[in-house]
Amino acid sequence: MKKSNSTFYLLITPVLLWLLALIVIPHLDMLFRSFRFETDDGSWVFSLNNYLAFFEDKIYWLTFVQTALYSIGVTILAFVVTFPVAFFLTKVVGKRYSSFMTLLLLIPIWIGELVTVYGWMILLRDNGVINSFLLKIGVINSPIEMLFTNFSMTIGLLYISMLFMIVPMMSALESMDDSLIEAASDLGASKWTIFRQIVIPYTTPGIVSGGIIVFMLVIGDYVAPNILGGKSSLWFTEQIYNKFLASFNWSEGAAFGFLLLLLSSCIVWVALKLSGQKLDKVGS
Amino acid sequence: MIRSLPCSRLYITGFRLYITLFYIFLIMPLVTICILAFNDSHYIALPWQGFSLDWFFADTNERLGLFKDTNLLLSIWTSFKTGFFVALFSTVVGTMAALLFEEENFRFKGLLYFLALAPLVIPGVVLGISILLSSTNAGLYLEDTFGVDVEFLRPSFWLVVIGQFSFGATYVMLLVSARLKKFDRTLEEAALSLRATRLQVIYLITLPFLRPAIIGAFIVAFLISFSNFNTTIFLVGSDPTLPVDLYSRIKFSSTPVLNAVSFMIVAFITLAASISFFLHRKSE
């Protein structure tokens, strides 16, 4: 097909503008800024001080490591919790119920994390719904402290991210032919064998793309750790937030932002390499 | 195991029990908020004090309902405006990007495509601070060299729109590309051989085919914008969007009006989802 040049330029100009002005230049700017340091007399010099601050202060790199490990943990937890649901909706329950139940899964996604996190705050408070209920039926005598702990933070992070994992896993499972499972079952394979040797390998692309989305949402989240987390549940985004909006040390904030970007890109890259997938599969 | 295979009672019952618990976990925070929005109390949580519409309509010193709280109404309005402009710009540029990457061939296409997907793996916080840094730099530069003050380069309504557009366009691109992959290219070739220009082909053939995907992408971009917090918080000026307003109220001054706003959001999303569900079922 013959392509005309004018159409090509009409299409590429806005796209280039978008990518250069809002993706490339801002991130180069951030990288540049992270190596700048304001001396006592107010002039700007090139320096590694912003990164040194990160390594010298224990709280920063401890938070960094904790955020990374926690995010991986929540991603695995999200897989364990949602895989049976994805399997149930695609392979077990009848078509009529499954489309309605799938719709229910999408509603919390569109409601947005602020409202759902707030909902969990009400549920988990000392005088919240769960504690009041437990007190009433007499299981406990005094309220259990659930809000402002790592437990409440994990619940919040899991809730806001896990549904993004179900959708890609469901589309992978939907394309899987039931007769594969039937054949294995006829040949006497146990449920566990079928699950490990047929279902999981077949669903891997969906698991990886869902896992990456969940991981990115969790590691970059601010609302759930900040509203539901306690004193010990520090999140690296909170450090960035403080640098920018509380102490106005933008250079250190830029360095921290770059470290977060580096960390998340590395983990996503490793996940893609280990599973042999490409980035554009994650998007679809 | 699956629909077509017989299974033990215990397995089926256990599976159903798990799914039930999962759905209870899913809707519990939403149902709680919706009920407590009608609680006749000064506190956001229990105990239940009787039914009241005060947190929607009251206008007294002690209680300021949702529909009388001008600040809250203003932030809802700001969110609608932001969502509209973000959806508009994202849809236009995202559709152009989809056409560009699906139909044209050019140098550095792979690199540009990678950049267009990058917002999927950049944490929202990082996107926010990098755009804040570079827009501030650009604003300072313009002021120093030309003496002009460009308002949208400072944290403001339009900077929020720009920031949310930077990742909204990616989602639109992915949704439109998915539909474009199913497009029968011979239709375009037929039109071209009948002497249509390339632009006429896009306008008369390709875009009508893409229409459902474009409308869907517009709605998705609107909803993403409406619930975004992580990027917005760094770019927001004196007119907060609803999530920013909700966040500061949850942190510093929570009254049951929060339940009322949340109820409205939950009700609106559920209604919209149900309508699309029934329309979809009718068309099948």
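**Exercise 1.** Find the residues that A:V117 is in contact with, leaving aside its neighbours within four places in sequence.

*Solution.* Start from the contact rule: the C-beta atoms, placed from the backbone, must lie within 7 Å. Applied to A:V117, this gives A:G156, A:I160, A:V223, A:A224, A:I227 and A:L228. A word on the model: it is predicted, so local features need pLDDT of at least 70 and side-chain atom pairs pLDDT 80 or more, while totals for chains, interfaces and linings use all residues. Residues are numbered from 1 along each chain as its sequence is written, with chains lettered from A in the order in which they are written.

**Exercise 2.** Describe how helix α3 (residues 58-92) and helix α7 (residues 150-174) of chain A pack.

*Solution.* Helices here are DSSP runs (H or I, at least four residues), numbered from the N terminus. First, take lines fitted to C-alpha atoms over the stretch in contact, with angles from 0 to 180 degrees between N-to-C directions. The angle is about 45° and the axes are 7 Å apart. Therefore α3(A) is oblique to α7(A); angles under 35 degrees count as roughly parallel, over 145 as roughly antiparallel, 65 to 115 as roughly perpendicular and the rest as oblique. Finally, sort the residues of this contact: 18 are nonpolar, 4 polar and 2 charged. Nonpolar covers Ala, Val, Leu, Ile, Met, Phe, Trp, Tyr, Cys and Pro; charged covers Asp, Glu, Lys and Arg; the others, Gly among them, are polar.

**Exercise 3.** Characterise the contact between chain B and chain A.

*Solution.* Count each side: 73 residues come from chain B and 76 residues from chain A. On the chain B side, helix α1 (residues 9-36) supplies the largest share, 12 residues. That side divides into 56 nonpolar, 12 polar and 5 charged residues.

Technical notes: Contact = placed C-beta atoms within 7 Å. Helix = DSSP H or I, 4+ residues; strand = E, 2+ residues; numbered from the N terminus.
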